[in-house]
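The sequence and structure are shown first.

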Amino acid sequence: MTASPPRVAIVGTGVIGAMAAWQLAARGAEVLAFDRYGRGHDRGASAGESRIFRTVYKEGGSYVPLLRRAGELWRELERAAGRALLTMCGGLTIGAPDEPDLRAVRRCAEEAGLPHQILDRTGAAERFPQHRLDPGEIAFLDPNAGVLRPEPSVQGALAVAEAAGARILSYTGVEDLEETSAGWRLRAGGQTHAVDHLVLTPGPWAATLGPLAAIPVEARLITACWFAAREVAAHRPDRLPIAIRRHPEAGFSCFPALDGVAVKIVPHHLGWPVIDSPADLPRSATPEFAQAASAAVARLLPGLIPQPVRIGTYAEGFTPDEHAAVGPVPGAANATVLTGFSGHGFKLAPVFGEIAADLVLRGKTEHDIAALDPRRLSRNSQRSTRSS
Ligand SMILES: Cc1cc2nc3c(=O)[nH]c(=O)nc-3n(C[C@H](O)[C@H](O)[C@H](O)COP(=O)(O)OP(=O)(O)OC[C@H]3O[C@@H](n4cnc5c(N)ncnc54)[C@H](O)[C@@H]3O)c2cc1C
């Protein structure tokens, strides 16, 4: 007699839940995936036209194997979904040579033996005149970097999961979760479902789920602004890499024009404030924020018209140490959590989907995720606000 496939409920189909649904369904689990909103919606962390993929990782060389595997899985998903999701356009980190992120990418590239180039101010001006560098600043080029399309990625992963048998229940918020002797019972959309295993991928909504009470995840507001390019051709991905710009007055992440009109920046230097709940997300920026973003563009991106043509606001879940919580839910059985990706989880999402499937189906994974163990967070209280 063959055992019946495990029934797995996924709570949240942002990019992490969507990838978990894909990987679990592809490996034979009976998947029920719930989300309060629609596929690829813009209220959480997984929307806004573009996301950075990079391989030289300022957050630490221990991520490099995960990034390599994520890169392979992005291509696999593109094939399965029949959509282009990742465009390799290279990635710049720009700033003073002793700026912490510049030091971190150099260290990571050297330690992991990753290809890279360092351009001085003159070299950067010749090759990437879209960026204005101050005297003494440098540009670090990671050739294995690119730009991802978030909404098609989420929708593509869910479509592939569905084709493999997953049930995707959009506009169906999970209202109640109860551990039972056989697994979990959950209430959603007026119905009760019994499953063997729970995968919690609620992003910035983590604090609203009872079983995650011990894991400190703050919801923060991240605002993106789009600026029209004077000459769009010079700002498309074939000429403009993604960039992380460090500057004392005007730091931001910068994304090439994908819509044929505008370059996106996500300002860092204005802070990413904590919000009480993603449900309270403001739908635009204050005039003061827009003016400060304009000033950053006028100072450092001379090819853009420095008034935003579009502004988008998003919520993201941050842990105190700005590394995700990935692993068994502390104090519960048959439950796995993946949350708190702290502004840098998108590029890694497919490998976290694979890890979720490993943990549910095999109780272990070969990927090294010891540093992401949710149990570490109750002991850690350091805070800051950056990334991408
Ligand atoms: C503006 C911005 C720019 C970023 N830039 C980059 C970048 O360039 N590169 C990079 O790698 N990362 C980047 N990140 C980070 C990355 O996008 C996130 O880490 C990632 O999207 C997190 O996905 P998630 O699935 O955890 O969260 P979400 O996408 O927020 O998904 C959580 C889902 O859970 C659902 N949910 C919650 N509670 C319930 C419930 N009770 N019932 C049903 N559904 C529920 C929500 O509706 C939501 O859809 C950025 C983030 C933001 C916000």
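## Ligand shell

How many residues surround the ligand, and which are the closest? In this predicted model, the ligand is surrounded by 35 residues. Asp35, His41, Ser46, Glu316 and Lys347 are the closest of them.

Sorted by class, the shell consists of 17 nonpolar, 13 polar and five charged residues. At least two shell residues come from each of α1 (15-26), β3 (51-53) and β18 (304-318). Both domain 1 (7-51 + 151-215 + 320-379) and domain 2 (90-144 + 218-318) contribute at least three residues to the shell.

## Polar contacts and burial

His41 places a polar side-chain atom 2.6 Å from an oxygen atom of the ligand. A backbone N or O atom of Arg36 is 3.1 Å from a ligand nitrogen atom, and a backbone N or O atom of Gly345 is 3.1 Å from a ligand oxygen atom. The ligand taken alone exposes 1000 Å², of which the protein buries 99%.

## Cysteines

How many disulfides does a search of the whole structure find? The search finds zero. Cys89 is in no disulfide, and the cysteine sulfur nearest to its own belongs to Cys254, 10 Å away. Cys254 is likewise in no disulfide, its nearest cysteine sulfur being that of Cys89 at 10 Å. A pair of cysteine sulfur atoms would have to lie within 2.5 Å to count as a disulfide.

Are these two cysteines buried or exposed? Cys89 is buried, with a relative accessible area of 15%. Cys254 is also buried, with a relative accessible area of 0%.

Notes: Residues are numbered from 1 along each chain as its sequence is written. This is a predicted model: local features need pLDDT of at least 70, side-chain atom pairs count only at pLDDT 80 or more; totals for chains, interfaces and linings use all residues. Side-chain values use heavy atoms; hydrogens and water are left out. A residue is near a molecule or strand if one of its heavy atoms lies within 4 Å of it. A polar contact is a pair of N or O atoms within 3.5 Å; within protein, one must be able to donate a hydrogen and the other to accept it, and residues adjacent in sequence count only if both atoms are side-chain atoms. Accessible areas come from the Shrake-Rupley method with a 1.4 Å probe; for residues, only the protein chains shown count as cover. Helices (H or I, at least four residues) and strands (E, at least two) are DSSP runs, numbered from the N terminus. Ala, Val, Leu, Ile, Met, Phe, Trp, Tyr, Cys and Pro count as nonpolar, Asp, Glu, Lys and Arg as charged, and the others, Gly among them, as polar. Domain bounds come from an automatic or database domain assignment. Buried means under 20% relative accessible area, exposed over 50%, partly exposed in between (1.4 Å probe, protein chains only).
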